[in-house]
Structures are given as structure tokens and as C-alpha cells.
Amino acid sequence: MKLSQFKFKLPEEQVALEPPHRVFKNEDGTEEKVYRRDECRLMVVHRKSQTVDMFEKDADGKETENYLTFRNIIDYFDEGDTFVFNDTKVFPARLYGTKEKTDAQIEVFLLRELNEELRLWDVLVEPARKIRIGNKLFFNEQGPMVAEVIDNTTSRGRTLRFLYDCPHDEFKRELYALGSAPLPRYIVDKRPATADDMENFQTIYAKHEGAVTAPASGLHFSRELMKRLEIRGVNFSFITVHCGLGCFDPIEVEDLTKHKMSSEQMIVSQEACDIANKAKEDGHHVCAVGISTLRATETAAGADGLLKEFSGWTNKFIFPPYDFGLADSMITNFYHPESTMVMATAAFGGYDLVMKAYDMAVENGYKFGCYGDAMLIVDD
């Protein structure tokens, strides 16, 4: 397929800058926001019947004027079905420092730690043209956190050595205390990250640290919804995919077969395999929660469609046409035009049906992006 086939007009006001929330006025006139993970809108795409649900139905099965919310997802699954979640944990990867001598403000985006003992980190810097090997960056006027640039890796990539003499756990605490939630650029260009974002941009089941962006489709799950699913008899299988920034990289080729995805580290345990495979073998639904999960399960699935234990890296790029193995349903958000996430969604639900659903989402004011609304694709 071609890149231009995934181009559509997305109104700027439909890009979500915050999660679903309600605003309450206090007696003193101040306002307070209460965030509700599971109150985003939900669109349900049926890939066999080629239909799309947007509204709740009454007792007679007729559509009401009430939009489906994410809480309604429980109505599409039964006992024995299994959700596959990505339990990666986001860390506060965006820091702001000053360059020695010039005091120029520099954004440093932490990607991954390269060496604990030497305090080496792979990072991105902005503006990159101002940062050269040998430069020092200061991150706290009252504290000792200083980093030296020791290598150039890409046009924006650098290797930093943090000059901080203390136990590693203390160093990580101090470093993370200086950082903020690694919200996508399309959000932080509109507003600064807040303390609330470090909680909101994290799934409630996050466990293994290593992600520099959230597995966004999992953000909709509240503790209450998870408990309701558990009571219904739905099983949970947890894998780990440390989400990187590759999903935000612009595709610069028209022929999608020539695009190369950045690699992400992933771990699929035998326990996760056993839970997901039993559901599939027993004829129950297996639902991949998010594109990162979908890419990982397709990486680790065998020719029989069953999940295999895996520890390594994946750079799998999914776009139509594609034959899927493990999952027969998936949850995803609505994403920007020409993004790899839209392409993977179209591969799973069918290009024509998914693009029709996207047209409906734009027309009906659905919110797009990591904090946006959700789509469920089911196999009926």
C-alpha cells in the first residue's frame, strides 16, 4: 500500500490534550479536574458484518442518542475470553537543562540507560545544533546533576555521561525527580506536562520500567473496569513491550514496504503464553490491547497462531494486507493521519472499513491521540 492512502483531514481541536475528565467548581470559585480513564468514547467495528457501532442500544435493541463509552467494552466479551496487555512502565523521560557558558535551554529526552556503572544514557536533544561532544549540561541550579556529551549517535541523538557520584538507586531517583511525563510532541507543544500527567500517562497495571511513551490503549482501563472484567470471567495475559518513539517517526517513503520501524524491546513469558493460548485453543476471543501488544504478539506467534515465549527486540511494521495469528479482536485509539498506528489498525480491521470508521470519527467529533477515544475491532 501507499502512504497517501492513509491521509485524511484531522481538525486540530480533535486532538486530545488531556484524558477524559470532569470539571468541578469549588466553593471558593476555583476549578478542580477529576480524570475518568474509562469515560472516553468507544467505537466498535465489526469486521465480518462490516458495521460500526457508536451508540448505546435500548432494551429493544434500538440505538439511543447516547454514545458508547469505554465502560461498554465489557458487553462484547464473555467468560473465558482473554485480554493481552502491555505492562511496560513509563518513566519521566523529558528533562530540561542548560548548556554551560551560554545558559541556553536544552531539552533532553532520555531513551535508555546504556551502562549503570558509568551513568551512560542514550538521549535525544533539542535544539541539536547547539550540542556537541564535550559540552556540559546542568539540570538543577541547587543540585549536582551534570551531564557531559561524549558521542553523537544520530542527527538529534547523543550519548550522555551523568557526573553524579552516588549509589545507582539514588542517582535514578534524583534523575527522575528532574523529569516530566514524556507526552507526545503534539501535546507538549500546546501545554506543559503537569504532575497529573505522570499518573494519567501510565496504565494502572504498569510494572516493568522502560517505556518512553505510554501504551495508550491501555490508559482507558480503570481499576473498577478491570475488576468487572475479572468478575465476568475474562482472563488477563501480561507481556512487556518497552514502547519507544518509533511509532511517532514520520514515514518518508510512499511505498510502505520500504519503511523501517525502530526496534522495541519485548518480553513474553511462558505464563503469558499459557493464558492466551488456552483461550485461543478453547475457542474464546483473544483481544490485543494496543498496537504495541499487537506487534509483539505477531512477533512471538508461531505458524500455528499460538504465542511462544520470547525475549528480544521487534521492529515489525504492520500494514495492509496482513494475516494475523493470535488475536481475533483488538483495542486501539484514534491516531494521526499517515501514522504507523493507523496502518496497523487498517491491517487488522480491513482498510476500507477502518478508514470509513475514521471518517465517522472525524465527523462525530471523536478525540484523537494518546489521550483520545478508543476503537474496538471484533470478529463478527
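The text below treats the salt bridges and then the cavities.

The model is predicted: local features need pLDDT of at least 70 and side-chain atom pairs count only at pLDDT 80 or more, while totals for chains, interfaces and linings use all residues. Residues are numbered from 1 along each chain as its sequence is written, and side-chain values use heavy atoms, with hydrogens and water left out.

**Salt bridges**

A salt bridge is a side-chain nitrogen of Lys or Arg within 4 Å of a carboxyl oxygen of Asp or Glu. The whole structure holds 20 salt bridges. The table lists examples.

| Salt bridge | N to O distance |
|---|---|
| Glu18 and Lys33 | 2.7 Å |
| Glu107 and Arg94 | 3.5 Å |
| Arg185 and Asp189 | 3.3 Å |

Helices (H or I, at least four residues) and strands (E, at least two) are DSSP runs, numbered from the N terminus. Glu18 and Lys33 form a salt bridge that links distant parts of the chain, 15 residues apart: Glu18 is in the segment before strand E1 (21-25), and Lys33 is in strand E2 (residues 31-35). Relative accessible area (1.4 Å probe, protein chains only) defines buried as under 20%, exposed as over 50% and partly exposed as in between. Glu18 is partly exposed at 22%, and Lys33 is partly exposed at 40%.

In the salt bridge between Glu107 and Arg94, Glu107 belongs to strand E10 (residues 105-115) and Arg94 to strand E9 (residues 94-99), so the pair ties together parts 13 residues apart in sequence. Both Glu107 and Arg94 are buried. Of the partners Arg185 and Asp189, Arg185 is partly exposed at 35%, whereas Asp189 is exposed at 54%. Shared partners also join Arg22, Asp38, Glu39 and Arg71 into one network of salt bridges.

**Cavities**

On a 1 Å grid over the protein atoms alone, a cavity is a set of points where a 1.4 Å probe fits but cannot get out, and lining residues have an atom within 4 Å of a point. There are 3 cavities of 30 Å³ or more. Helix H6 (291-300) and helix H7 (340-349) each contribute at least two lining residues, and H6 gives the largest share, 3 residues.

The second largest cavity has a volume of about 70 Å³. Its lining consists of Pro19, Pro20, Arg37, Asn200, Leu219, His220, Cys370 and Tyr371.

Conventions
On a 1 Å grid over the protein atoms alone, a cavity is a set of points where a 1.4 Å probe fits but cannot get out, and a pocket is an open set with protein on both sides within 12 Å along at least five of seven lines; lining residues have an atom within 4 Å of a point. Grid points are joined across faces, edges and corners, and a volume is the space filled by probe spheres set on the points.
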